[in-house]
Amino acid sequence: MYASLFFGFEISVISVISVLIITAQSRPRARELGIAPGIYPQGPLNAITDVAGVRVGHTTIVEGDAVRTGVTAIVPHDGNVFQDKVAGAVFVGNAFGKLAGSTQVNELGTIETPIVLTNTLSVGVAMDAVVRYTLAQPGNEQVRSVNALVGETNDGGLNDIRGLHVTREHVLQAIANAKTGAVPEGSVGAGTGTIAFGWKGGIGTASRRLERGGYVLGVLAQTNFGGSLTIAGVPIYKALQPPRRTAEGVRGAGTTGPNNDGSCMLIVATDAPLDARDLRRLAARAVFGLARTGSAYSNGSGDFAVAFSTSLESRSRFGDTTPRPHQVLPTDAVSPLFEAALEATEEAVYNSLFQATTVKSAIGTAETIPIDKVRELLRR
């Protein structure tokens with residue numbers, strides 16, 4: 001047991017069994033299988049953290065035979081995000097889901113907190129934690145309104161979601177764990193209990209670097225959706241289907257009918273100086289990118305994308321009322337970023353599948369997609 005003080009809040013981890021950090025890096029990423037969607041080169045890490053300053057942290061919660069869930073936090077920059085807000089926007093492909101805080105983001109065009117992903121019934125506790133984290137930041141002593149941004153997918157196909165096992169401390173730990181560098185993928189954080197196309201899904205990420213302007217774009221996906229799995233244009237679903245699972249018909253679990261239901265949360269980061277209008281258009285391309293993987297965009301699928309720019313040109317200082325000049329990319333210059341978002345989203349979904357590990361619980365089982373069979377089908 002241990003306890004530590006984090007911005008005025010005590011975080012206790014009961015045991016290493018209660019909170020288990022899993023990396024699953026022994027499985028290949030898409031690039032190792034020769035899958036490199038699109039025309040733009042990847043960033044050094046091929047991750048959302050290739051965008052300078054962006055950090056990602058996970059808390060993975062595995063308890064007993066029924067708890068398989070977690071939290072993923074994306075922190076836009078190293079400073080006080082509330083005081084130095086980033087330009088942001090939200091695009092909703094299908095609104096069967098909960099993206100708390102999205103209405104203010106689209107109204108004001110700014111994001112002022114870390115972005116947190118978790119399971120459907122833990123949005124409330126995550127909101128509480130993000131608000132408390134923000135209020136505790138030095139310089140925020142007079143803050144009286146916080147727009148926490150929290151998204152979800154439903155991991156009830158593998159996790160005892162009704163048990164409400166995610167706590168404030170788990171969320172604060174994910175924020176505290178947020179780091180630059182390589183991002184653990186697969187069955188970690190908010191992807192611990194997710195299912196995609198009937199296979200084990202999870203967290204995936206990828207990035208693209210543009211030659212013109214040197215801009216970088218990265219995507220992080222929490223995959224929990226369904227459809228007809230297509231990889232690099234190959235209809236994998238025609239020759240390879242997941243085994244029938246015990247838990248079916250759960251919204252967000254990717255299990256109903258021909259693996260059509262489910263949800264996906266997409267986070268898009270770029271250092272390009274975009275305003276909120278074009279960030280919303282960029283977020284839309286991420287949702288469009290799911291089509292390349294065979295998404296069914298079903299009635300029960302909550303498909304959301306959040307996009308933000310880390311550019312200093314696009315920042316907003318809290319309480320600042322003075323006019324200031326700033327530079328933004330004109331609309332005629334954003335098409336390469338749109339293409340990059342399509343490519344990075346597609347690859348992030350593949351990475352979430354390939355990096356995932358099989359998860360079993362009393363609720364159900366989700367098997368990893370068999371890499372050797374995928375490789376064989378791609379060769380054909």
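Which residues in H2 meet which residues in H3? The first legend answers this for the predicted model.

**View 1. Packing of helix H2 (residues 123-135) against helix H3 (residues 168-177).** From H2, the residues Val125, Ala126, Asp128, Ala129, Val130, Arg132 and Tyr133 meet Arg168, Val171, Leu172 and Ile175 of H3. The axes of H2 and H3 lie 8 Å apart, at an angle of about 55°. The two helices are therefore oblique to each other, and their crossing is right-handed.

**View 2. The largest nonpolar core, with 50 residues.** Leu217, Leu266, Leu282 and Phe354 have the most contacts inside this core. Two or more residues come from each of strands E5 (84-95), E12 (216-224), E13 (263-270) and E14 (302-309), and from each of helices H4 (276-289), H5 (335-355) and H6 (371-379). Helix H5 gives the most, with 10 residues. Another core, of 26 residues, lies apart from this one and includes Ile74, Ile111, Ala190 and Ile267.

**View 3. Surroundings of Leu282.** Leaving aside residues up to four places away in sequence, Leu282 touches Leu217, Val268, Thr270, Leu274, Ala307, Leu337, Phe338 and Ala341. Both Leu282 and Leu217 are among the residues with the most contacts inside the largest core.

**View 4. Asp303 in strand E14.** Asp303 counts as buried because its relative accessibility is 0%. Its side chain makes a polar contact of 2.8 Å with the side chain of Ser301. Beyond residues up to four places away in sequence, Asp303 touches Phe91, Val92, Gly93, Asn94, Ser263, Cys264, Val287, Leu290 and Tyr297.

How values were computed: Residues are numbered from 1 along each chain as its sequence is written. This is a predicted model: local features need pLDDT of at least 70, side-chain atom pairs count only at pLDDT 80 or more; totals for chains, interfaces and linings use all residues. Side-chain values use heavy atoms; hydrogens and water are left out. A nonpolar core is a set of buried Ala, Val, Leu, Ile, Met, Phe, Trp, Tyr and Cys residues joined through side-chain atoms within 4.5 Å. Buried means under 20% relative accessible area, exposed over 50%, partly exposed in between (1.4 Å probe, protein chains only). Helices (H or I, at least four residues) and strands (E, at least two) are DSSP runs, numbered from the N terminus. Contact means heavy atoms within 4.5 Å. A polar contact is a pair of N or O atoms within 3.5 Å; within protein, one must be able to donate a hydrogen and the other to accept it, and residues adjacent in sequence count only if both atoms are side-chain atoms. Axes are lines fitted to C-alpha atoms, for helices over the stretch in contact, and angles run from 0 to 180 degrees between N-to-C directions. Angles under 35 degrees count as roughly parallel, over 145 as roughly antiparallel, 65 to 115 as roughly perpendicular and the rest as oblique. A crossing is left-handed if the near helix is turned anticlockwise from the far one by less than a right angle, and right-handed if clockwise.
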